[in-house]
Amino acid sequence: MIIGSNGNLNNVDQIPVNDFPAVILNSNYMEDWNWIGNGVSVLSSTGTRKVHNLITHKITQGLPLVPLETTVHTQAGLSLNYFAQANRRPSSLELISSLPSRFNDGVLLIAEPGDVLLNNDRSTVRSVFFGIPNPNAWTNNARTLFLQSVAWVIEGDDADNDGVFDDVDNCPSV
C-alpha cells in the first residue's frame with residue numbers, strides 16, 4: 001500500500017498510485033495521476049476546517065453525515081485540499097466528504113478497480129484522495145476518517161454485512 005504525503009516527489013510518473021492501493025495526501029500530482037484535469041484547489045480560512053460526510057460508507061462509519069459537519073483540524077488557519085467540480089474530475093470518482101455547503105467539491109474521494117480516470121487511464125485498485133493535510137492538527141474525527149480510509153483501501157467493503165468482503169463475496173448484495 002502507498003501512503004503519499006504532501007511535498008515534492010521525484011519521478012512522479014513512476015509512482016503507480018493507480019496500480020497499488022493508495023491513500024493519497026499529496027495534492028501536487030493528481031493531474032499526473034489522471035485524477036483531475038485542472039489541479040487541486042486549496043481552501044484556507046482563519047477558522048477551524050470542517051467537512052461534510054456525504055454518504056454512509058466504511059470510511060465515514062460512526063461519524064456524522066450531512067447536514068452535520070465534522071471538524072477535522074484542532075487549529076485555525078489550516079487549509080483543506082479539494083477537487084472542485086469545475087476542475088474536470090472523472091465522474092467515476094465517488095465523493096465521500098465535501099466542503100461544507102459545497103457538496104460537489106470533494107475533500108475525500110475514492111477510486112475503485114475498473115474506474116475510468118482521465119486520459120483513458122484506469123484504476124486497478126481501491127484508492128483514496130485524502131484532502132486533509134496537517135496530521136499534527138487532526139481532530140479525532142479526522143484520524144478516524146484517515147484510519148478508516150486505510151482500512152477500506154486494504155479490506156474493501158462488506159455491503160451485505162455477511163462478514164465476507166465484497167471483492168471475494170459470491171453474493172455481495174445478498
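Start by selecting His57, which lies in the loop between strand S4 (50-53) and strand S5 (70-71). Strands here are DSSP runs of E of at least two residues, helices are runs of H or I of at least four, and both are numbered from the N terminus. The model is predicted: local features need pLDDT of at least 70, side-chain atom pairs count only at pLDDT 80 or more, and totals for chains, interfaces and linings use all residues. Residues are numbered from 1 along each chain as its sequence is written, and side-chain values use heavy atoms, with hydrogens and water left out.

His57 counts as buried because its relative accessibility is 10% (buried is under 20% relative accessible area, exposed over 50%, partly exposed in between; 1.4 Å probe, protein chains only). Now show its contacts (heavy atoms within 4.5 Å). Leaving aside residues up to four places away in sequence, His57 touches Ile96, Ile110, Trp152 and Asp157.

Next, turn to the aromatic rings. The structure holds 5 aromatic pairs: rings of Phe, Tyr and Trp (its six-membered ring) with centres within 6.5 Å, called stacked with planes under 30 degrees apart, edge-to-face over 60 and tilted for the rest.

Select Phe130 and Trp138. Their pair is edge-to-face, at 5.4 Å centre to centre and 65° between the planes, and both residues are buried.

Phe130 lies in strand S9 (residues 127-130) and Phe146 in helix H1 (residues 140-155), so the pair ties together parts 16 residues apart in sequence. Both Phe130 and Phe146 are buried.

Finally, show Phe130, Trp138 and Phe146 together: they form one aromatic cluster.
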